[in-house]
Amino acid sequence: MSASPNPIEQSFELAGSRRADLAPLVYQRLFNRHPETRAMFRSQGSELVMGSMLALTVEAILDFAGPRNGHFRLIACEVVSHDGYGTPRELFIAFFAVIRDTLRDLLGDDWSAEMAQAWDALLVEVEAFAGVAA
Ligand code: HEM
């Protein structure tokens with residue numbers, strides 16, 4: 001494994017150095033883009049669930065794009081649980097693009113061509129992975 005972070009990791013690191021908590025930006029974007037998702041979260045305690053969902057998704061993305069130690073498998077498990085929550089497959093996948101777009105806007109001029117390319121590839125791979133999991 002190389003010591004230098006891959007472009008996906010870099011994008012999270014840079015974003016993290018600018019803003020401690022990505023959750024408000026990510027969910028604001030999700031609710032704007034897919035307004036039906038607002039009502040999908042429980043009315044009490046949803047902040048905890050949403051924070052935890054994002055943190056686990058980021059962990060899974062970093063593992064998927066990096067060492068593949070095992071956290072990436074969450075994606076396949078959650079496709080199935082989210083069928084139970086009534087989240088359509090396309091929407092489930094859309095969450096990854098929402099995270100990518102949040103990072104891109106937050107990074108502004110520091111969003112590099114390598115990051116853009118790595119994220120494009122990741123979104124395609126995640127879609128294939130989640131599709132096969134079902
Ligand atoms: C727009 C897409 C998505 C929607 C609308 C959505 C919706 C939800 C909802 C409603 C819950 C809460 C269920 C409850 O109240 O107990 C939940 C929990 C969760 N979601 Fe998602 N989800 C989405 C995408 C994802 C993705 C892509 C992942 C990860 C690959 C993920 C991982 C999780 C996890 C781990 C939890 C449990 C959090 C916890 O309680 O610790 N979700 N999701």
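Of the 21 residues around the ligand, the nearest are Ser52, Met53, Thr57, Glu78 and Phe95; a residue counts as near when its C-beta atom, placed from the backbone, lies within 6 Å of the molecule. This is a predicted model, in which local features need pLDDT of at least 70 and side-chain atom pairs count only at pLDDT 80 or more, while totals for chains, interfaces and linings use all residues. Residues are numbered from 1 along each chain as its sequence is written.

Two or more residues of the shell come from each of α3, α4 (73-85) and α5 (89-107), and α3 gives the largest share, 6 residues. Helices here are DSSP runs of H or I with at least four residues, numbered from the N terminus. By class, the shell holds 14 nonpolar, 5 polar and 2 charged residues. Ala, Val, Leu, Ile, Met, Phe, Trp, Tyr, Cys and Pro count as nonpolar, Asp, Glu, Lys and Arg as charged, and the others, Gly among them, as polar.

Helix α3 (residues 46-65) also meets helix α1 (residues 7-18): their axes come within 9 Å and cross at roughly 145°. The axes are lines fitted to C-alpha atoms over the stretch in contact, with angles from 0 to 180 degrees between N-to-C directions. On the α1 side the contact involves Ile8, Glu9 and Phe12, and on the α3 side Val58, Ile61, Leu62 and Ala65; contact requires C-beta atoms, placed from the backbone, within 7 Å. This contact has 6 nonpolar, no polar and 1 charged residues.

Just after α5, Gly108 takes a positive phi of about 55°.

Note on methods. Two residues are in contact if their C-beta atoms, placed from the backbone, lie within 7 Å.
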